[in-house]
Amino acid sequence: MTSREEATLDRIAQLLEQLDREAYVADPAIATSLHLALELHKPLLIEGHAGVGKTEIAKVLARVLGADLIRLQCYEGLDASTALYEWNYARQLLHIRLQESGGPGAVDAEAKIFSEPFLLKRPLLQAIAHEGRPPVLLVDEIDRSDEEFEAFLLEVLSDFQVTVPELGTIRARERPHVILTSNRSRELSDALRRRCLYLWIDHPPFAKELSIVRRKVPGASDALAAQIVGLVQRLRAAKLAKVPGVSETLDWAAALVVLHADHLTPEIVGETLGCALKDEGDLRKVRSEIESGRLPVGAV
Amino acid sequence: MNADLVHRTVSLCRELRARGMTVTTSHAMDAVRALRAIGIESRERVYLALRCVLVARPEDLELFDEVFAAVFSPPPEDAIEGAVRVVRRSPPRDPAAAVSLSSWGKEGEEGEDGEDPEEVPAASDAPGIAEKDFSAFGAAELAEIQRIAARIARRLAARPSRRWKASGRGTRIDLRRTMRRSLSNSAEPLELRFRRRKPRKTRIVALCDVSGSMDLYSRFLLQFLFALQGTVARVESFVFSTSLRHVTALLREPEYGEALRSLASGVHDWSGGTRIGESLAAFNSGWGQLVDKRTVVVILSDGWDTGEPALLGEAMETLRRRSRRLIWLNPLLGSPDYQPLTQGMQAALPHVSVFAPAHNLVSLRALERHLLA
């Protein structure tokens, strides 16, 4: 093994440790993917069920790198002007008004109001024009945007430069680290998938979820944490319309801590089940399973 | 880096490609770069790195694991070649059976002659066929019928819908254009420029029964919906008989027809029969996130369910609650004396907002009202 390889070996292990220090319970798959995204300078597409901590990865990565996090939240109808840049029209108008008494030519006025101080940088341009350490650009829930926006994003991600007709081309000095997340509410294009590294995050196994609960809800007793995680894991195996994610487990644990529960009883589960299950049909189904005793709540 | 490792990685890429995954040369190059970047060449590291680079969707994980295990099995001392022995499944191809769907959206501009697109194509396209049941056509005629169905769908897609027509002069002021204009007017925004809100696309989820006689009708429906894809709607397509398959990506393939057929024969399990309830429940738990309050869910089936009716009813209830509209298409409804008496139909009907036939061109055409309304 060369020394360079040793250094990179350290890097993945180190990354795991750093993620852990930031209270993110990672596993080798996550650390390896992040490391590769940093090393190969490629965007990382993270998919997984709702509430498995996809967005959190980008936030934690920014903290680990000591970089700024720039977030672009996607939604249907999101367009280039909201994502990239827009002119500050109010300010342009004000400027024109103030200049009116002086009466400079229209050409001057135009050059002035279409200059950088009048430019509103939206997340993508912010990431490209960012000074200093490359930021982490989080494109959250890309599956909510339209296909047209996806194509536009691909273009931006491929060369990290933007041309503003009035200003010229703005180029990223160093490529931002890009993380995209998707809940799979629609299929993303093959072109986008090809461009990215890929990480699928599944619901965590018992041990991992337990350690997440212990880290994030320190007030929960050992018995309570284990019982909650055990129950959530069993709920996931049942056929539910909306499967609870880790964030639901955490909400639930936090609620039970507030209620000073130190272990689960059918009554307290019945009262707080809404923290974990968000679908009326699921709630009814699981409540009746618990009442009939088919789903034991106290066991680990 | 270990030459054997590079060799195996290349084999892995080749094998994955042969098994239908999208693995390009740049993927292979990235894979090698990734191996260099991970440093230690432990089996786990190599596995995680290659998976991160080569897999692009969760459905491919299983295949990747299988091929990885085969290619990276501990080598017999002498031959690495021996490690790469994965059975290749390349189904026989019948070029005649392959109809390209991609042409559905494109062709036809030259042929459009300005006739009223509202009209069912009975008179102009081919007299007497609009109301004939799909199953009554011979194999030779089917291609022609498909072409006509495609044309109807294209017209639907091309027609500017009443709901989306420009409302006067737009709803939002386009500040950028207004500002530009005003510069020539000594900066007085005298003339307002407008822009229109982009129309929202309808989201459609289609769940089609491909068991037995339903196969033919399902194929018509899927093709019809595919032609709406991207223009007026966002369509996700599934087929089921004993189990459920996501086929949206498959429909984009040039040989989709053949692919669908092999799929149908693959999932057929005659002794098991159709498991509608289980398939819908599988959809709800695995793909439920595709359905929201703006989604129209279309199910095509004759309702011959060999599973528990209660399970079907429950799955239907969930679907109804989460979707905007739940449409059940039963081609048998096209025959006048049909009664929806099967247990499956009985369990499903209370949750259905539209119950329609979809057995011929007229009924396919009529679907639009329910889909895009």
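**Figure 1. Helices α11 and α12 of chain A in contact.** A:L224, A:A225, A:I228, A:V229 and A:V232 of α11(A) meet A:T249, A:W252, A:A253 and A:L256 of α12(A). Sorted by class, this contact has eight nonpolar residues, one polar residue and no charged residues. The model shown here and in the other views is predicted. Helix α11 of chain A spans residues 222-237, and helix α12 of chain A spans residues 246-258. Their axes come within 10 Å and cross at roughly 140 degrees. The crossing of α11(A) with α12(A) is right-handed.

**Figure 2. A:I228 and the largest nonpolar core.** Neighbours within four places in sequence are left aside in this view; A:I228 then contacts A:V213, A:T249, A:W252, A:A253, A:L256 and A:L264. The largest nonpolar core has 99 residues. A:I228 is one of the residues with the most contacts inside this core, together with A:I179, A:V213 and B:A49. Helix α3(B) supplies the largest share of the core, seven residues.

**Figure 3. Helices α2 and α3 of chain B in contact.** Helix α2 of chain B covers residues 25-38, and helix α3 of chain B covers residues 43-54. The two pack at an angle of about 145 degrees, with their axes 9 Å apart. Their crossing is right-handed. From α2(B), the contact uses B:H27, B:D30, B:A31, B:A34, B:L35 and B:I38. From α3(B), it uses B:R45, B:V46, B:A49, B:L50, B:C52, B:V53 and B:L54. By class, the contact has ten nonpolar residues, one polar residue and two charged residues.

**Figure 4. The side of chain A that touches chain B.** The contact takes 42 residues from chain A and 42 residues from chain B. On the chain A side, the elements that give two or more residues are α1 (3-21), α2 (28-40), α5 (89-100), α6 (106-113), α9 (190-195) and β9 (197-201). Helix α2(A) gives the most, with eight residues. The residues on this side divide into 18 nonpolar, nine polar and 15 charged. For the complex, the predictor gives an ipTM of 0.83 and a pTM of 0.67.

Figure 5. A:H35 sits in helix α2 of chain A. Is A:H35 buried or exposed? A:H35 is buried, because 26 other C-beta atoms lie within 10 Å and 20 or more count as buried. Residues up to four places away in sequence are not counted here; A:H35 then touches A:R11, A:I12, A:L15 and B:A37. A:R11 is 24 residues away from A:H35 along the chain, yet their C-alpha atoms are separated by 7.5 Å.

**Figure 6. Confidence along chain B.** Chain B averages a pLDDT of 74, and 67% of its residues score at least 70. Where is confidence highest and where is it lowest in chain B? Confidence is highest in α3(B), at 93, and lowest in helix α5 (residues 102-106) of chain B, at a mean of 38. Over residues 76-126 of chain B, pLDDT stays under 50. For this stretch the model has 60 contacts beyond four places in sequence. Over residues 160-168 of chain B, pLDDT also stays under 50. Here the model has four contacts beyond four places in sequence.

Conventions: Residues are numbered from 1 along each chain as its sequence is written. Chains are lettered from A and ligands numbered from 1 in the order in which they are written. This is a predicted model: local features need pLDDT of at least 70, side-chain atom pairs count only at pLDDT 80 or more; totals for chains, interfaces and linings use all residues. Two residues are in contact if their C-beta atoms, placed from the backbone, lie within 7 Å. Helices (H or I, at least four residues) and strands (E, at least two) are DSSP runs, numbered from the N terminus. Ala, Val, Leu, Ile, Met, Phe, Trp, Tyr, Cys and Pro count as nonpolar, Asp, Glu, Lys and Arg as charged, and the others, Gly among them, as polar. Axes are lines fitted to C-alpha atoms, for helices over the stretch in contact, and angles run from 0 to 180 degrees between N-to-C directions. A crossing is left-handed if the near helix is turned anticlockwise from the far one by less than a right angle, and right-handed if clockwise. A residue is buried if 20 or more other C-beta atoms lie within 10 Å of its own, exposed if 12 or fewer, and partly exposed in between; C-beta atoms are placed from the backbone. A nonpolar core is a set of buried Ala, Val, Leu, Ile, Met, Phe, Trp, Tyr and Cys residues joined through C-beta atoms within 7 Å. pLDDT is the predictor's confidence in each residue, from 0 to 100.
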